[in-house]
Every structure is written in C-alpha cells, then in structure tokens.
Amino acid sequence: MFKLSKKINSLPPYLFLEIDKAKRKARAEGRDIIDLGVGDPDQPTPKQIIESLCAASQDSKTHCYALDQGMPVLRQAIARWYKNRFGVTLNPETEILPLIGSKEGIAHFPLAFLDEGDYSLVPDPCYPPYKGGTIFSGGRPYLMPLREKNDFLPDLKEIPLNIRKKSRLIYINYPNNPTGATAEKDFYGEVIKFADKNKLVVISDLAYSEMAYDGYKPSSLLEVKGAKEAVIEFHSLSKTYNMTGWRIGWACGNEKLIAALAKVKSNIDSGIFSAIQLAGVTALESPYQFIKDMCSIYQERRDVLIAGLKSLGWQVTPPKATFYVWIKIPVNMDSIRFSGMLLEKVNIIVTPGVGFGKYGEGYIRMALTVSKEKIKEAIDRLRKIS
Ligand SMILES: *Cc1c(COP(=O)(O)O)cnc(C)c1O
C-alpha cells in the first residue's frame, strides 16, 4: 500500500543497523563481547559540563524555544575557542551557526545547494550522511576513492571534466573517519584552488580536530588563504568533550553558506535546548588539559592495539589522529564475512569497511573505545584463531 520515495530507495544500505542487530543477539545469548565497532567515547562527559547543564536547566528562561541562530554567548564562546585553536577570526553574528550535533547540519546543508541531478563530490569510504544528505536533496554523489597509495586523500585530478561541471559541493574530512588519515596544508591549498576553479562549495568536517597523537595538531581548512570564500566547516562537541548524546556542534565559515544553512534549518528545527547551549559554553571554556588527558588515554590504547596486531603479523599503520584504526584484512575474505567470522569465533565486534562505501572493501575499522585491558584480551583472542 505504501510506496517509498525514490530518494529513500536510493540510499546506500545502512549496514550499521545490521551490525547492531547481530551485536544485540550475541549479548542476549550472554556472550562476552569486546566491542571495537562503535565510534562513541566510553568516558563520561566532564563533571563541570554536567553541573552547568543541571544549573541552567533550573532556570525557566531555558525552557522556551531557543533562538534558531543559537545563543550569542555560545557563538561568542565558539569564536574565542576557534581563534585560540586555529588563529582564525570568525564573526559570531554571521559566520557561526550552532547545530543539534554536526550530523544534522551536514545532512541538511545540501538542501540549500543541490538541485535535481546536481553532483556532490564525496570521498569513499566516508561518514554516511555525506551520501545521505546529497541523495535527500535530489543530488547524486560522485565517489572520490580514498586509496592507501594516496595516503587516503582523494585524487582531484582524476575527477572527469563533465562531472566537475555538474558538481556543486565537495566533502573533505580530515582527520578522517574511517581511515584515521590526516591532511596537511598543501592538500588543503589544492582543494581551495580546485573549488575556486570549478565553483564548488567546500564542506569540511572537522569532528576529530582535537583527537590527535604524538604532538600532532590537525589544522582547519579555514586557515588556508582565501578559504572563507568557499568553505563551510563543521565542528562537534561530541568526540572532543565526550558529549555524543547531548547533540551540540556548529558550522562556521563563509557567511552566505552559513545563512543558507540557517534558512534550511529554520524550516526544520527550532534550535538546541538553551541549557545544553550553556553547558556547551562551559565545555569550550574548560581547561585544554582535559583534551590532552583524553588523547593520552586513546594514544596508549592505540599503541597496545598496534603492537598486538603487529605481533600477529597484521599489516597496520598507527593513526596520527581519530580513535580509529583502519586495517587491511589479513586473509582472503571480504569485510562482511571477516567481521562476521570475528564475532562468531572470538566475540569481537569490528566494523566492515564496505559499510563506509565500496572502496572500504578489504578493510575493517577498529575503534579505540574500550580499555587497554580489553584490547589486550582482544589480541589474545585473535591469536587463538591466527
Ligand atoms: C562523529 C562524527 C561526527 C559528529 O557527529 P555529531 O552529530 O556532532 O555527534 C561528524 N563527522 C564525523 C566524520 C564523525 O565521525
């Protein structure tokens, strides 16, 4: 009786629901699962942020509809944080837009820029909303393969001229989910030149800007000269402050792009709960030491995992950023079968690379979101089947 839209039918399969189902089933059977599948911090939100929410929520002024454009105090706190971190000045009135988590902004943004049949240039493998948002807007994703031989950077020269002509958007995400790859300023410079030449809007997803190791500091695309002409950058408090469930992030950059996204959103949502916005201010103003401490926890886990996998003879490179390790499957098996086998035989959950797109085939992703003791235990279990 019901007919689904062409758009919903053309979404790529959302593999993660299937994985969730398999995980729940395994848990229900009482099996001792080690879950390296989810990209969700296992540590709690810092106490002062929770206390800030509690206090703010007592004030009835926070109980009404929030301002669509976000509270001025939050936009100002974002501008200060940004200036501090990247040395880039943003106008809190026109160049910053708070979001109900960056995923919603990323998914809604193409509604303002794509018409039926327009293309967006999407890395593959990638965070799924790049493709989803494009398809919901009537656009078509053109896949830019991220290959190991190119350090998981897209090869812009490969993109055919006829596709460039029909493209409006390009997605860039470094530090990268799922590959853990990073990008340097020379690549960002290339992206800006390419976007200028082909009249593209650049969507930069910087969800992992603060999760980096060995002294490495990711930069922002907005640091590149001329970037403000064409870039909208998405940031999130989710990974940085262990706030995935809170739903708060922001977009910043070119004011016309920000205004267009604000217009889309004013027709869809009604802002972030004000008490959460005030807690967000507390987060952005908290001492940077918290972030350093979190990174050293992840770095230690990364080192245990990499050393363990190497001792099994697996081929792995330690990521300089993100809490993901992107691993070439050590046997001749596709990523869904290999992940299924790990769950079946040793109760370890990993994410099959193909879940992020066809160029993710041949890889699995492990997330550093369990303790180093659990990681050691996972290595012991893998040793038994090696
Ligand atoms: C986690 C993540 C986000 C952030 O999502 P929120 O909606 O802000 O929680 C954005 N981009 C990527 C690539 C991510 O992995």
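Which of the 14 residues around the ligand come nearest? In this predicted model, in which local features need pLDDT of at least 70, side-chain atom pairs count only at pLDDT 80 or more, and totals for chains, interfaces and linings use all residues, Asp205, Tyr208, Ser238, Lys239 and Arg247 come nearest. Residues are numbered from 1 along each chain as its sequence is written, and side-chain values use heavy atoms, with hydrogens and water left out.

The shell around the ligand consists of four nonpolar, six polar and four charged residues; Ala, Val, Leu, Ile, Met, Phe, Trp, Tyr, Cys and Pro count as nonpolar, Asp, Glu, Lys and Arg as charged, and the others, Gly among them, as polar.

Polar contacts (pairs of N or O atoms within 3.5 Å) include one at Asp205, where a polar side-chain atom lies 2.6 Å from a nitrogen atom of the ligand. Taken alone, the ligand exposes 390 Å², of which the protein buries 94% (Shrake-Rupley method, 1.4 Å probe).

The chain is assigned domain 1 (7-44 + 289-383) and domain 2 (47-284), with bounds from an automatic or database domain assignment. The centres of the two domains, taken over C-alpha atoms, are separated by 25 Å. Their contact (heavy atoms within 4.5 Å) takes 35 residues from domain 1 and 36 residues from domain 2.

Technical notes. A residue is near a molecule or strand if one of its heavy atoms lies within 4 Å of it. A polar contact is a pair of N or O atoms within 3.5 Å; within protein, one must be able to donate a hydrogen and the other to accept it, and residues adjacent in sequence count only if both atoms are side-chain atoms.
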